[in-house]
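Let's take a friendly look around a protein together. Have the sequence and the 3D view ready, and follow along.

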Amino acid sequence: MILARLLSLESWKRGLWTIVRLVLIIGLSFVILYPIIQKISTAIKDKADLYSPIVVFIPEHFTLDNFKQAISIMDYWETLANTFVLSSMTTIMTAASCAFAGYAFARLKFKGSNLLFAGVILTILVPPTTILIPIYMNLKDFTLLGVIPLLTGGKSLNLLNSYWPFILTSLTANSLKAGLYIFIFRQFFRGIPKEVEEAAYIDGAGVGSTFLRIMLPNAIPSIVTVLLFSFVWQWNDSFFTTTYLTSSKVMSTQLSSLPYNLQILLEGGATTNKDPFFMSMVQDTGILLAILPLVILYLFVQRYFVESIERTGIVG
Amino acid sequence: MKTITKLVFRSRTYNEQKALWGFLYVLPWLLGFLFFFFIPLLTSLQYSLSSIKANANGMTMKYIGFANYIEALTVNTSFNRILTESVVNMVVNVPLIVIFSLFLAVLLNQKFVGRALARSIFFLPVILASGVIATLEASSLVQAINEQNANGGVFSSGTIELANIMLRSGVNEDIVLYLMDAVQRIYQIVSQSGVQILIFLAGIQTISPQLYEASKIEGATGYEAFWKITFPMVSPLILVNVIYTIIDSFSRNNMTTLIKETGFTTFNFGLSSAMAWIYFLVIMIILLVSAYFISKRVFYQE
């Protein structure tokens, strides 16, 4: 009798918690999705609907005009291709160089490797702004310790506005957030049992083939994590991109100059266009266009994303 | 030649060979570290202590001691304000984000219908959070209109109700204000806690289920299980997440913008470097203080 009452109280509590949890999750999901839904609704909305109090999400006058405007202003297709090339290039190179460094820090200890790992931590901790100006000056007159002037006769290379800064930093595992990726790889390789490696050595594999053929296939979760993070963060990065690539057409430079470009368009355009709200609408459409490829990518990979990080060994 | 290299390798022990390969594997990173991090870091320190003038044949640097630092702290009109702002923001946001993400990680770890969907929605901000988008969004007029149309202050009046209830039941006024502030900035917090939720979730999943089973047999409630098992087991990750949250804020804050502007639009490299160094030192102090206090309370299984 008492037991039954207890049981029912328990199930009451559980039911209540289920409802609270449902409300919380739906509410927070709404908070996250709201800006995206709202941008989609703005993008397909006609100007006439903007002031209409009846229209909240679903527009009364459907139009693709905003898309056309934003695509032409941002030079969307070229920008998309450029961004894709840049992001995938740096992603692959960063993942490779970080995997090597991470493996060495985890398993191939040498004299001073702990000190060097402290260096990795330092690169994570120092704000990128602190070293931005010297790097900028360095890339503007790139000399590679005086080697290039010797070859070209006293002239240094200007690497700005090319992909070289990204190639160089990602090949040397010093690109955007690379310290974090080295850390992820190191933690993961530390988690793989030593016996696996020793067995390979006994079978006569060298360090290189052990790494490539035994350790890397085992490290797929962490590789996926690093590839995804690296791609996404490079795509979204405005800090380095707007500094190194002032006039190239990639997504984040186009986005940050979007308000300015819009202003120019409105100055020269028809008078009916001179409306700050219309400008804002096109701007929102532009943002939507910039994040759309990522959202589509995410739809395909989110399963790996969530699963892989659980197995990456960030936790130690 | 071949035999010589062979001999060289033969004569090494396995450990020596591994050390050699280790050094080779680290070498690309080391080169990058020197060229793209360490030398620039020292140069930046040097810039911050000099006055830099550009002329026909490049730049001339003159050592001027701490004048740039003094200028940043006393003469520059916005540096102090923005520095305090970003530090206060950090101090307010970091605990909120960490607690919120721990809570959500626990929630998302429970079994319920649509868990996979909920998880993928909650990690969406990891993909979308970006400097440019955030800045553009802040200036979006459409957003502003829609907000006015849509909730016309319903949100705010609701929170005021809640605040009154909490105040009347004797909750400290500062705490109430802090929480109200948190509610107002819920989007900001949610969108900055994606990675942290992932880290906590990964941590929770490494806790062995036997612990929970045993505690359940002993009659512990879910609440007790959280405080006695989950919380101590994930406490090392609190430190990780605090550090991550602080570092993450570098990519989008006013301080970064100010430093960049001072450097690249007014070309005052010395002042800009000095600002960057002050900022770096302040952050280091915050990191060290929080790392000290958290690691004193952290529970390690070993």
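In helix 5 of chain A, the buried residues are Ser113(A), Leu116(A), Phe117(A), Gly119(A), Val120(A), Thr123(A), Ile124(A) and Leu125(A). Keep in mind as you look that this is a predicted model. An α-helix has 3.6 residues a turn, so residues three or four places apart point the same way.

What covers these buried residues of helix 5? The cover includes helix 4 and helix 9 (178–191) of chain A. Chain B takes part too, with helix 2 (14–48), helix 14 (222–248) and helix 16 (269–297) among the covering elements.

## Checking the length

Helix 5 of chain A runs over residues 113–125, which makes 13 residues. At 1.5 Å a residue it should span 18 Å, and its end C-alpha atoms are 19 Å apart, so the two values agree.

## A stop at Tyr76(A)

Now move to helix 4 (residues 76–107) of chain A, where you will find Tyr76(A). Is Tyr76(A) buried or exposed? Its relative accessible area is 4%, and a residue counts as buried under 20%, so Tyr76(A) is buried.

Leaving aside residues up to four places away in sequence, Tyr76(A) touches Ile71(A), Met251(A), Leu289(A) and Pro293(A). The C-alpha atoms of Tyr76(A) and Val250(A) are separated by 9.1 Å, although the two residues are 174 residues apart along the chain.

## Chain A as a whole

Chain A has 16 helices and zero strands. Of its 316 residues, 52% count as buried. Among contacts in chain A between residues at least 6 apart in sequence, 72% join residues at least 24 apart.

Conventions. Residues are numbered from 1 along each chain as its sequence is written. Chains are lettered from A and ligands numbered from 1 in the order in which they are written. This is a predicted model: local features need pLDDT of at least 70, side-chain atom pairs count only at pLDDT 80 or more; totals for chains, interfaces and linings use all residues. Side-chain values use heavy atoms; hydrogens and water are left out. Helices (H or I, at least four residues) and strands (E, at least two) are DSSP runs, numbered from the N terminus. Buried means under 20% relative accessible area, exposed over 50%, partly exposed in between (1.4 Å probe, protein chains only). Contact means heavy atoms within 4.5 Å. The expected span of a helix is 1.5 Å times one less than its number of residues.
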